[in-house]
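Welcome! Take a moment to look it over before reading on.

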Amino acid sequence: MSEAAILETRGLERHFGGVRAIAGVDFALAAGELRCLIGPNGAGKSTFFKMITGQLRPSAGQILFAGADITRTAAHEIGRLGIGIKNQVPDVFDGLPVRENVWLAARRANAKPQALVDEIMQRLDLGDIAGRLVGVLAHGQRQWVEIGMVLARKPRLILLDEPSAGMSLEETNRTATLIREVNRTTTMIVVEHDMQFIRQIATKVTVFHQGRILVEDSFERIMTDARVRDVYLGRQAAA
Amino acid sequence: MGANAASRPRASWWVVVGVVLIAAILAPYYLITDISDQIDISIIFVLALLALSMSFLWGYAGILSFGQTAFFGLGGYAYTVLALNLHETTFSFFAAIGVTMLFAAVLGYFMIYGRLSDIYLSVITLVVTLIFEKAIKSTSGDQYVIGSVRLNGQNGIPTVPSLQIPWSGTELSFDGVFILDAVLLILVYAGLRLLLITPFGRVLVGIRENTRRIELLGYDSRRYKLGAFVIGGGIAALAGVLFGVWNNFVAPEMFGLKRAAEVIVWVIVGGRSTLVGPIVGTAIVQYLQNKLGTQSVGEWLPLILGLVLILVVLLFRGGLLPGIVGGVGWAWRRVRGDAT
């Protein structure tokens with residue numbers, strides 16, 4: 001595939017018992033891209049993300065990141081190589097204050113993380129809730145804390161699994177703005193269901209269906225694609 | 001409960017620790033002058049160290065080690081064997097702790113790097129301490145000798161040397177032992193408290209909160225967990241050495257199920273969300289045990305302690321200390337609220 005690909009999977013599969021959650025995915029992502037991943041529930045999007053970040057071992061196939069094979073690399077090493085992920089369910093330190101959450105992320109590659117922590121807190125507008133425990137925050141705020149933690153690691157590739165879930169319209173718009181801004185320097189893949197949201201950020205969209213890539217194209221073409229409409233978009237595309 | 005969030009201790013904390021430290025050093029001369037009281041209280045300090053080793057792992061690193069007694073017993077036996085062979089106690093004191101930490105490192109390595117789940121780790125630590133008890137109990141024959149020391153099987157070793165003041169050959173007196181035990185307890189407590197504001201300690205708390213997130217951020221959680229496990233083993237070993245010195249006696253019961261379960265009871269009664277909690281829990285349970293022991297309740301003792309445990313668990317979910325502190329704070333707010 002293309003030489004500029006920062007992430008590539010070849011024949012990737014993952015089985016759970018007899019279920020093939022991912023059934024042979026050949027995927028390539030160019031450096032600098034902002035890709036959206038859509039597909040009905042159970043299409044394998046989150047499983048795909050978890051394999052890229054070492055949270056799940058592939059049953060078959062290969063994952064390459066910046067040319068290196070990371071198929072069997074441990075999660076913490078993948079984190080160090082520069083892949084950051086916001087999982088679907090907020091994956092934060094509930095019992096710790098917001099600031100400590102960001103500090104733990106910033107500190108990993110940074111002996112003096114204070115300036116970076118301040119920068120992230122300001123960028124994500126977390127200053128007012130810096131001292132509050134993350135566990136008591138609203139879902140949308142917890143998502144922002146997690147996104148802040150991902151950004152604090154300054155990764156080369158960011159995976160966001162449903163970043164706008166549970167957010168108000170205003171928060172969703174801010175998140176879209178943030179994603180476009182971050183994408184100026186960082187390659188990203190975003191899993192989403194909210195079509196309005198995707199319209200705001202997407203250039204290229206990959207549609208998953210039953211563990212495979214159904215189609216890959218620009219947002220406009222995807223929205224008018226008959227196959228996509230059949231498996232997933234039906235009502236929303238008509239609207 | 002600020003310790004949980006790894007906040008920096010306030011100035012008042014330093015003052016309190018300092019005052020307690022000075023009080024502990026002066027107490028045997030002014031406050032607790034009776035030798036039998038000194039002995040009774042010294043052992044509470046020693047056992048509180050054992051409780052701290054367990055609650056540090058459980059409350060801060062999320063590792064429930066059921067078998068801290070393995071390191072407790074090992075520390076006691078290692079000190080005894082070394083000191084009797086070398087006719088010297090200072091080196092033996094440190095070497096016993098070092099050897100035990102080495103053992104904790106090996107055991108911890110296989111459990112943690114083998115990615116055993118938490119529940120298996122608890123079970124294995126318990127099994128390890130029970131294996132030690134069995135093994136030591138079966139060493140009553142003449143052939144079980146290390147250097148010049150017979151292990152003596154279930155009879156234990158009744159000739160554990162008292163600690164000597166380094167380079168003087170003078171044995172520590174009862175008040176000396178009291179002071180040593182108290183000072184070490186306070187230092188270990190303060191050390192653990194300060195550890196939690198270091199990057200290492202903060203990552204440990206992060207692991208307890210969410211191991212997956214810690215890994216995704218790029219931390220190798222196993223290294224941190226192993227570090228904590230070895231520190232916990234070292235503290236338990238220190239308690240074991242001090243126990244042997246206090247008793248002039250080590251026996252396989254140090255490894256036993258009764259002792260292992262007691263540690264959990266102390267920690268649960270005191271509460272594991274703070275480091276002071278387990279110390280308070282140990283003191284209360286041990287005090288009760290001593291008092292009831294002299295009231296001829298005899299075989300009813302475990303039953304009464306069991307009831308205490310059940311009551312504490314039912315009434316104070318987080319343990320006595322957080323429960324009381326929370327209750328006083330609540331009452332205080334009520335009083336102030338009513339006044340205005």
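How many helices and strands does the secondary structure of chain B come to? The answer is 13 helices and 2 strands. Please keep in mind that this is a predicted model.

**Chain B as a whole**
- Chain B has a radius of gyration of 21 Å, which agrees with the value near 20 Å that a compact globule of 340 residues would have.
- Along the principal axes, the C-alpha atoms of chain B fill a box of roughly 75 × 55 × 45 Å.
- Of the 340 residues in chain B, 44% are buried.
- Among the contacts in chain B between residues at least 6 apart in sequence, 75% join residues at least 24 apart.

**A helix pair in chain B**
- Helix H2 (residues 35–61) and helix H6 (residues 174–195) of chain B pack with their axes 9 Å apart, at an angle of about 25°.
- Angles under 35 degrees count as roughly parallel, so H2(B) and H6(B) are roughly parallel to each other.
- The crossing in which H2(B) passes H6(B) is left-handed.
- Residues making this contact include Phe45(B), Leu49(B) and Phe56(B) of H2(B), and Phe178(B), Leu185(B) and Tyr189(B) of H6(B).
- By class, the contact of H2(B) with H6(B) has 18 nonpolar, 2 polar and 2 charged residues.

**Where chain A meets chain B**
- Chain A gives 21 residues to the contact and chain B gives 18.
- On the side of chain A that touches chain B, the elements giving two or more residues are helix H2 (75–81) and helix H3 (98–107) of chain A.
- That side of chain A has 9 nonpolar, 5 polar and 7 charged residues.

Terms used. Residues are numbered from 1 along each chain as its sequence is written. Chains are lettered from A and ligands numbered from 1 in the order in which they are written. This is a predicted model: local features need pLDDT of at least 70, side-chain atom pairs count only at pLDDT 80 or more; totals for chains, interfaces and linings use all residues. Axes are lines fitted to C-alpha atoms, for helices over the stretch in contact, and angles run from 0 to 180 degrees between N-to-C directions. Helices (H or I, at least four residues) and strands (E, at least two) are DSSP runs, numbered from the N terminus. Angles under 35 degrees count as roughly parallel, over 145 as roughly antiparallel, 65 to 115 as roughly perpendicular and the rest as oblique. A crossing is left-handed if the near helix is turned anticlockwise from the far one by less than a right angle, and right-handed if clockwise. Two residues are in contact if their C-beta atoms, placed from the backbone, lie within 7 Å. Ala, Val, Leu, Ile, Met, Phe, Trp, Tyr, Cys and Pro count as nonpolar, Asp, Glu, Lys and Arg as charged, and the others, Gly among them, as polar. The radius of gyration is taken over C-alpha atoms; the globule rule is 2.2 Å times the number of residues to the power 0.38. A residue is buried if 20 or more other C-beta atoms lie within 10 Å of its own, exposed if 12 or fewer, and partly exposed in between; C-beta atoms are placed from the backbone.
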